[in-house]
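Colleague: I would like to go through this model and ask what stands behind each label you put on it. Please show it first.

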Amino acid sequence: RNILLVSKEIVNNALKHSNASLITIKGTIEKNSLCFTISDNGTGFNTATTFAGNGLKNIQNRIKEIGGSIEIVTLPGMGTIFTYALPLAITT
(Lines give C-alpha, C1' and ligand atoms only; values in the text may rest on other atoms or scores of the structure.)
Protein backbone atom coordinates (compact mmCIF):
# COMPACT_ATOMS: atom_id res chain seq x y z
CA ARG A 1 0.00 0.00 0.00
CA ASN A 2 2.79 2.45 0.92
CA ILE A 3 4.59 1.83 -2.40
CA LEU A 4 1.42 2.71 -4.29
CA LEU A 5 0.73 5.80 -2.17
CA VAL A 6 4.32 7.08 -2.49
CA SER A 7 4.36 6.58 -6.26
CA LYS A 8 0.94 8.22 -6.61
CA GLU A 9 2.04 11.23 -4.53
CA ILE A 10 5.23 11.72 -6.57
CA VAL A 11 3.36 11.56 -9.89
CA ASN A 12 0.57 13.81 -8.56
CA ASN A 13 3.13 16.40 -7.40
CA ALA A 14 4.85 16.34 -10.79
CA LEU A 15 1.54 16.85 -12.60
CA LYS A 16 0.33 19.53 -10.22
CA HIS A 17 3.48 21.58 -9.57
CA SER A 18 6.29 20.90 -12.04
CA ASN A 19 4.90 21.80 -15.47
CA ALA A 20 6.59 18.60 -16.72
CA SER A 21 5.97 17.35 -20.23
CA LEU A 22 7.49 13.93 -19.44
CA ILE A 23 7.27 11.68 -16.36
CA THR A 24 9.17 8.39 -16.35
CA ILE A 25 8.59 5.52 -13.91
CA LYS A 26 11.04 2.63 -13.71
CA GLY A 27 11.00 -0.36 -11.36
CA THR A 28 13.82 -2.88 -10.97
CA ILE A 29 15.03 -5.55 -8.59
CA GLU A 30 18.64 -5.02 -7.56
CA LYS A 31 20.61 -6.82 -4.84
CA ASN A 32 17.56 -8.01 -2.87
CA SER A 33 15.85 -4.61 -3.12
CA LEU A 34 12.86 -3.40 -5.06
CA CYS A 35 13.96 -0.09 -6.59
CA PHE A 36 11.89 2.64 -8.19
CA THR A 37 12.94 5.75 -10.04
CA ILE A 38 10.37 8.40 -10.92
CA SER A 39 11.70 11.38 -12.85
CA ASP A 40 10.26 14.39 -14.60
CA ASN A 41 11.57 17.16 -16.82
CA GLY A 42 9.70 19.87 -14.95
CA THR A 43 10.71 22.98 -13.07
CA GLY A 44 12.33 21.22 -10.11
CA PHE A 45 12.41 22.78 -6.66
CA ASN A 46 14.72 23.78 -3.85
CA THR A 47 14.78 20.95 -1.27
CA ALA A 48 15.68 23.47 1.47
CA THR A 49 12.35 25.26 0.94
CA THR A 50 9.55 24.52 3.39
CA PHE A 51 6.26 23.66 1.72
CA ALA A 52 2.79 24.18 3.15
CA GLY A 53 1.55 20.69 2.22
CA ASN A 54 2.52 17.33 3.66
CA GLY A 55 3.35 15.56 0.37
CA LEU A 56 7.14 15.34 0.64
CA LYS A 57 7.02 14.59 4.36
CA ASN A 58 4.45 11.83 3.77
CA ILE A 59 6.59 10.32 1.01
CA GLN A 60 9.65 10.18 3.24
CA ASN A 61 7.70 8.85 6.24
CA ARG A 62 6.01 6.09 4.22
CA ILE A 63 9.33 4.88 2.77
CA LYS A 64 10.91 4.92 6.24
CA GLU A 65 7.91 3.04 7.68
CA ILE A 66 8.53 0.09 5.36
CA GLY A 67 12.29 0.07 5.93
CA GLY A 68 13.28 1.71 2.67
CA SER A 69 15.50 4.58 1.65
CA ILE A 70 14.80 7.51 -0.63
CA GLU A 71 16.87 10.05 -2.49
CA ILE A 72 15.54 13.21 -4.10
CA VAL A 73 17.68 14.93 -6.73
CA THR A 74 16.33 18.23 -8.00
CA LEU A 75 17.33 21.74 -8.90
CA PRO A 76 15.10 24.64 -9.86
CA GLY A 77 14.64 24.49 -13.64
CA MET A 78 16.23 21.04 -13.99
CA GLY A 79 13.47 18.53 -13.17
CA THR A 80 13.30 16.05 -10.31
CA ILE A 81 14.36 12.45 -9.74
CA PHE A 82 12.98 10.37 -6.86
CA THR A 83 14.81 7.10 -6.25
CA TYR A 84 13.62 4.78 -3.54
CA ALA A 85 14.62 1.25 -2.59
CA LEU A 86 12.81 -1.27 -0.42
CA PRO A 87 14.39 -4.42 0.98
CA LEU A 88 12.95 -7.72 -0.23
CA ALA A 89 12.60 -10.51 2.29
CA ILE A 90 14.62 -13.57 1.36
CA THR A 91 12.73 -16.82 1.88
CA THR A 92 14.14 -20.31 1.62
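This is a predicted model: local features need pLDDT of at least 70, side-chain atom pairs count only at pLDDT 80 or more; totals for chains, interfaces and linings use all residues.

Colleague: How much of the chain counts as buried?

Modeller: Of the 92 residues, 26% count as buried, where buried means under 20% relative accessible area. The chain exposes about 6300 Å², and carbon and sulfur atoms supply 54% of that area.

Colleague: What makes the largest nonpolar core a core, and which residues are in it?

Modeller: A core of this kind is a set of buried nonpolar residues joined through side-chain atoms within 4.5 Å. The largest one has 9 residues: Val6, Ile10, Phe36, Ile38, Ile59, Ile63, Phe82, Tyr84 and Leu86. Two or more residues each come from helix H1 (2–17), strand S2 (33–40), helix H2 (55–65) and strand S4 (80–87). S4 gives the most, with 3 residues. In soluble globular proteins, nonpolar side chains tend to be buried together.

Colleague: Which residues is phenylalanine 82 in contact with, beyond its neighbours within four places in sequence?

Modeller: Contact requires heavy atoms within 4.5 Å. With those neighbours left aside, phenylalanine 82 is in contact with Ile10, Phe36, Thr37, Ile38, Leu56, Ile59, Ile70, Glu71 and Ile72.

Colleague: Is lysine 31 buried or exposed, and how do you know?

Modeller: Exposed means over 50% relative accessible area. Lysine 31 has 82% relative accessibility, so it counts as exposed. Lysine 31 lies in the loop between strand S1 (23–30) and S2, and has a positive phi of about 45° although it is not a glycine.

Colleague: Why is asparagine 32 called partly exposed?

Modeller: The class takes in values between the buried cut-off of 20% and the exposed cut-off of 50%. Asparagine 32 has 46% relative accessibility, so it counts as partly exposed. Asparagine 32 is also in the loop between S1 and S2. Its phi is positive, about 60°, although asparagine 32 is not a glycine.

Methods. Residues are numbered from 1 along each chain as its sequence is written. Side-chain values use heavy atoms; hydrogens and water are left out. Buried means under 20% relative accessible area, exposed over 50%, partly exposed in between (1.4 Å probe, protein chains only). Accessible areas come from the Shrake-Rupley method with a 1.4 Å probe; for residues, only the protein chains shown count as cover. Helices (H or I, at least four residues) and strands (E, at least two) are DSSP runs, numbered from the N terminus.
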